[in-house]
Amino acid sequence: SETVYRQWTAFAQKVNEKTSSAVPKLVVQSRIFLDAYRVEATIESTVSSWIISNVLCLLVILLFTRNVALSLMVMATILLMLFCLGGFIFSIIRIPFGAIEALGVSIFIGLSANYSLHVVHAYQHSKGMDRSEKVREAIYAVGSPIVASAVSTIGASIFLFGCRTWVFVELGILICSITALALLYSMTFLLAWLAVAGPRPFESEGRMMHAWDFRAL
């Protein structure tokens, strides 16, 4: 759309150069161009804010867990949740990309990272020596609080569906969707991944360490 706008602007300039000064100047102006430019600007700002949010989220997770492997697992889980959320919103429900979606891309990253971060934190601080035992202890430690938190968040957001303003209904759909996906991925996919390829503890200078752990350096 921006390319077409530039082509029309160049065409208008050529026409104005060939016409006399007594003839009014040709001006390119259309609501289609303005809407398309607004959409492109929104998408560009959304992508940049999403990248910044992911980088900041990765730094915070690294600082919190001090483990590269667990941090990358959390970020991969967040990325998969975002893909599923986009497919659900834009392909199934068919909600057009707007201000709420642009705002939610950066804000909901932190919301979706909470459950996964709690799971890997419980896995990391488990006393078990093998993956299955550490995963089982992590479920016992944070399973019920995560489920209760997700249920309470979805229950509080359901009331937005009764609003007459579509913006609030759309916000409720996004909050319930990302909360449900965060619960599903953290309690199924991430736990299964940890059970298969999670970092296992080892002894280092009399302390219990994990693979790719900053404290082991």
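**Basis.** I am working from a predicted model, in which local features need pLDDT of at least 70 and side-chain atom pairs count only at pLDDT 80 or more, while totals for chains, interfaces and linings use all residues. Residues are numbered from 1 along each chain as its sequence is written, and side-chain values use heavy atoms, with hydrogens and water left out.

**Helix α3.** I took helices as DSSP runs (H or I, at least four residues), numbered from the N terminus. I checked the length of α3, residues 68-92: at 1.5 Å a residue its 25 residues should span 36 Å, and the end C-alpha atoms are 35 Å apart, which agrees. The expected span is 1.5 Å times one less than the number of residues.

At the start of α3, I found a side-chain oxygen of N67 within 3.1 Å of the backbone nitrogen of A69. I count a polar contact as a pair of N or O atoms within 3.5 Å; within protein, one must be able to donate a hydrogen and the other to accept it, and residues adjacent in sequence count only if both atoms are side-chain atoms. After α3 comes R94, with a positive phi near 60°.

I listed the buried residues of α3 (buried is under 20% relative accessible area, with a 1.4 Å probe and protein chains only). They include V74, T77 and M81.

**α3 against α6.** I looked up how α3 packs on α6, residues 166-197: the angle is about 140° and the axes are 9 Å apart. Axes are lines fitted to C-alpha atoms over the stretch in contact, and angles run from 0 to 180 degrees between N-to-C directions. The pair is therefore oblique, a class left over after under 35 (roughly parallel), over 145 (roughly antiparallel) and 65 to 115 degrees (roughly perpendicular).

**S116.** I placed S116 in helix α4, residues 99-124. S116 counts as buried because its relative accessibility is 0%. Leaving out residues up to four places away in sequence, S116 touches V74, T77, M81, S186 and L190.

**S186.** I found S186 in α6, also at 0% relative accessibility and so buried. A polar side-chain atom of S186 lies 2.7 Å from the backbone oxygen of A182, and the side chain reaches the backbone oxygen of L183 at 3.3 Å.

**V169.** I placed V169 in α6; at 12% relative accessibility V169 counts as buried. Beyond four places in sequence, V169 is in contact with L160, F161 and C163.

Conventions. Helix = DSSP H or I, 4+ residues; strand = E, 2+ residues; numbered from the N terminus. Buried < 20%, exposed > 50% of the residue type's maximum accessible area, 1.4 Å probe, protein only. Contact = heavy atoms within 4.5 Å.
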